Amino acid sequence: MAHTEHQEHHEHHAGHSPKLFRDRFWLSTLLTIPAVIWSGHIQALLHYRAPAVPGASWVPAIFGTLVFLYGGRAFLQGAAREVRDRLPGMMTLISLAISVAFVFSWIVAAGPDRR
């Protein structure tokens, strides 16, 4: 298969393209910034206080959820397809990793020591 044919095959594989991943990456990166700035762990580590705004303690959880749902959508859909076809692969592995991280983060965010 020629290089361009191979590239076209990957660009149309499973209904997504490199542009889709690139665009989702950059928007997810922007959505990550507020989550990091208002993260209590990061504030403690870097010895600063984020601006006090109403609901500030929920900023990391809300923006983290947006990143998970928007940035992880292609992986979650790919995993669903792989599981349905009984052919688990890389999308299943990535989806498992991001789902475990997401659920753990929400448990920590909503945990008993929450202020």
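User: Why is the crossing of α4 and α6 called left-handed?

Analyst: A crossing is left-handed if the near helix is turned anticlockwise from the far one by less than a right angle, and right-handed if clockwise; the crossing of α4 and α6 meets the left-handed case. The model is predicted, with local features needing pLDDT of at least 70 and side-chain atom pairs counting only at pLDDT 80 or more, while totals for chains, interfaces and linings use all residues. Residues are numbered from 1 along each chain as its sequence is written, and side-chain values use heavy atoms, leaving out hydrogens and water.

User: How do you know which orientation α4 takes relative to α6?

Analyst: Their axes, lines fitted to C-alpha atoms over the stretch in contact, with angles from 0 to 180 degrees between N-to-C directions, lie 11 Å apart at an angle of about 170°. Angles over 145 degrees count as roughly antiparallel, under 35 as roughly parallel, 65 to 115 as roughly perpendicular and the rest as oblique, so α4 is roughly antiparallel to α6. The contact (heavy atoms within 4.5 Å) joins Ala61, Gly64, Thr65 and Phe68 of α4 to Ile98, Ser99, Phe102, Trp106 and Ala109 of α6.

User: How do you know the orientation of α2 relative to α4?

Analyst: The axes of α2 and α4 come within 8 Å and cross at roughly 170°, which means that α2 is roughly antiparallel to α4. Residues of α2 including Asp23, Arg24 and Leu27 meet residues of α4 including Val59, Pro60 and Phe63. The contact divides into ten nonpolar, four polar and two charged residues, where Ala, Val, Leu, Ile, Met, Phe, Trp, Tyr, Cys and Pro count as nonpolar, Asp, Glu, Lys and Arg as charged, and the others, Gly among them, as polar.

User: What makes up the lining of the largest pocket, and which helix gives the most?

Analyst: A pocket is an open set of points on a 1 Å grid with protein on both sides within 12 Å along at least five of seven lines, and lining residues have an atom within 4 Å of a point. The largest pocket is lined by 42 residues, of which Ser39, Gly40, His41, Pro60 and Ala109 lie nearest its centre. The lining divides into 25 nonpolar, twelve polar and five charged residues. At least two residues each come from α2 (18–37), α3 (40–46), α4 (59–71) and α6 (90–109), and α6 gives the most, with nine.

Note on methods:
On a 1 Å grid over the protein atoms alone, a cavity is a set of points where a 1.4 Å probe fits but cannot get out, and a pocket is an open set with protein on both sides within 12 Å along at least five of seven lines; lining residues have an atom within 4 Å of a point. Helices (H or I, at least four residues) and strands (E, at least two) are DSSP runs, numbered from the N terminus.
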